[in-house]
Amino acid sequence: MQSQSPKDVYSLVLLPGDGIGVEVIDEARALLALVEPRLGVRFALDDIACGGKFYLEHGSRDWPDDAEARCRAADAILLGAVGWAGADGQPVMMKDGKMAGWSPVIGNRIKLDLYANVRPVKVLPGLRHGLAGRYAEVWRAEDVDMVVVRENTEGLYSGMGGILDTGGVRSVATDTRVITRAASAKVIRRAFEISRERGRGAPGDGKRRVTCVVKNNVLYGCKLFLEVYREIAAEFPDVEQDVAIVDAFAMFVLTQPQRYDVVVTTNMFGDILTDLASVLQGGMGMAVGCNVGDDHAMFEPIHGSAPPLAGKDRANPMAMLLATGECLGWLGRRFGDERLIRGHRAIEAAVAAVVAAGAPLTVDLVGAERGAPRSAVAQAVRDQVAAQLA
Ligand SMILES: NC(=O)c1ccc[n+]([C@@H]2O[C@H](COP(=O)([O-])OP(=O)(O)OC[C@H]3O[C@@H](n4cnc5c(N)ncnc54)[C@H](O)[C@@H]3O)[C@@H](O)[C@H]2O)c1
């Protein structure tokens, strides 16, 4: 995918958003500042305030009028998380009925054609799983190493639909699930390419495999998605075909994760299944979403703004730091810049080293008694990155 040569300065848009989004983006900013001199690259950062709070303060849009153009012009985008509640305790909604924060997240995905939402799911050695208040190693690192690729521009999140008001009563609501051959083909092809690029196959048997997750026994959109999957799979004879029905997959992803190499699915299924799969990797504080198209990309933790955690220095920053690493990796491949690839590797190794050491880690990974502040965890990761790049 290399299309250009290395640059002196890479332009990055930062979209902090709301709640813990603002806090974790600050950690991404500090990480970028740390790696800049060590890698010998520069980042020109363009901060764009956005989200529910922005809407409450400005009253018309959920980000500035020129924000879309600034995102389009950037080399890459880093997103924290959006979503805030108003005085009534309900999520802030815009006049058009969309959530305040729609523009930077779903808007960017659709308008910049970030058609693949690539979500790596792996267990880092030493990670203990927090389940029902107990912390123990449930899934082993050697059994979990998959990538879930979620269609990112249509499906149930296309924004097509509405609510009918009959006699002053909101009586009918529709959400149209749009599945097109073109968008399906792009994301499915990307999934097969990722299986080839990874080259290591599923942890259980080492076979390259793309699992197509659908509900084709019921939904027309899934019938078309599967049809396109079969056509594209024929171009990749070295990658095994595999089909799973979404409800059964929800069980298999936890009970036999070693089966999976790459998983491809439609938008809403992918949204839900990757929150579920994040349990394997230690929860949403560890899970990354790479929104990638042919010309643009936006990297984020998959979690939301977690208002109850905001302002408490408790949010796990690792997903955001890993997302920053993925951003460097994508830029490095796109611009043929080995310095950025090295930065990506250093960030991954640093997070893995802190997890393996067992401390400092946030509450979600070790429980309230041993939980360290977000700021201490982010500093520990930065120290490890500095050591990696020394
Ligand atoms: N891409 C996005 O910006 C995005 C994604 C999902 C939800 N949201 C929005 O976020 C708001 C809150 O939604 P929600 O509560 O359903 O989801 P959430 O992801 O914010 O939180 C869900 C649970 O995960 C925990 N959690 C999330 N991130 C964590 C982290 N970094 N460290 C430790 N624990 C973490 C929270 O404490 C909470 O218990 C809503 O307004 C929602 O619309 C935004």
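Residues are numbered from 1 along each chain as its sequence is written. Because the model is predicted, local features need pLDDT of at least 70, side-chain atom pairs count only at pLDDT 80 or more, and totals for chains, interfaces and linings use all residues.

The chain is divided into domain 1 (1-120 + 287-390) and domain 2 (145-279). These bounds come from an automatic or database domain assignment. The C-alpha centres of the two domains lie 24 Å apart. At the interface, 14 residues of domain 1 are in contact with 17 residues of domain 2. Two residues are in contact if their C-beta atoms, placed from the backbone, lie within 7 Å. On the domain 1 side, helix H4 (103-111) and strand S4 (116-122) each supply at least two residues. S4 gives the largest share of that side, 5 residues. Helices (H or I, at least four residues) and strands (E, at least two) are DSSP runs, numbered from the N terminus. By class, the domain 1 side divides into 9 nonpolar, 2 polar and 3 charged residues. Here Ala, Val, Leu, Ile, Met, Phe, Trp, Tyr, Cys and Pro count as nonpolar, Asp, Glu, Lys and Arg as charged, and the others, Gly among them, as polar.

Two packed helices are described by the angle between their axes and the distance between the axes. Axes are lines fitted to C-alpha atoms, for helices over the stretch in contact, and angles run from 0 to 180 degrees between N-to-C directions. Helix H1 (residues 20-39) packs on helix H12 (residues 374-388) at an angle of about 20°, with the axes 10 Å apart. H1 is therefore roughly parallel to H12. Angles under 35 degrees count as roughly parallel, over 145 as roughly antiparallel, 65 to 115 as roughly perpendicular and the rest as oblique. The crossing of H1 past H12 is right-handed. A crossing is left-handed if the near helix is turned anticlockwise from the far one by less than a right angle, and right-handed if clockwise. From H1, the contact takes in Glu23, Glu27, Ala30, Leu31, Leu34 and Val35. They meet Arg374, Ala378, Arg382, Val385 and Ala386 in H12. This contact has 7 nonpolar, no polar and 4 charged residues.

The axes of helix H7 (residues 246-255) and helix H8 (residues 267-277) come within 10 Å and cross at roughly 20°. That angle makes H7 roughly parallel to H8. H7 passes H8 with right-handed geometry. Val246, Phe249, Ala250 and Val253 of H7 make the contact with Phe269, Leu273, Leu276 and Ala277 of H8. The contact has 8 nonpolar, no polar and no charged residues.

For helix H9 (residues 318-334) and helix H10 (residues 338-357), the axes come within 7 Å and cross at roughly 160°. H9 and H10 are therefore roughly antiparallel. Their crossing is left-handed. The contact includes Met318, Leu321, Gly325 and Gly329 of H9, and Leu340, Gly343, His344 and Ile347 of H10. Its residues divide into 9 nonpolar, 6 polar and 3 charged.

Two backbone features complete the description. A cis peptide bond joins Ala359 and Pro360, with omega about -5°. Pro360 is found in the loop between H10 and helix H11 (363-366). Ala132 has a phi near 50°, a positive value in a residue other than glycine. Ala132 lies in the loop between strand S5 (129-131) and strand S6 (134-136).
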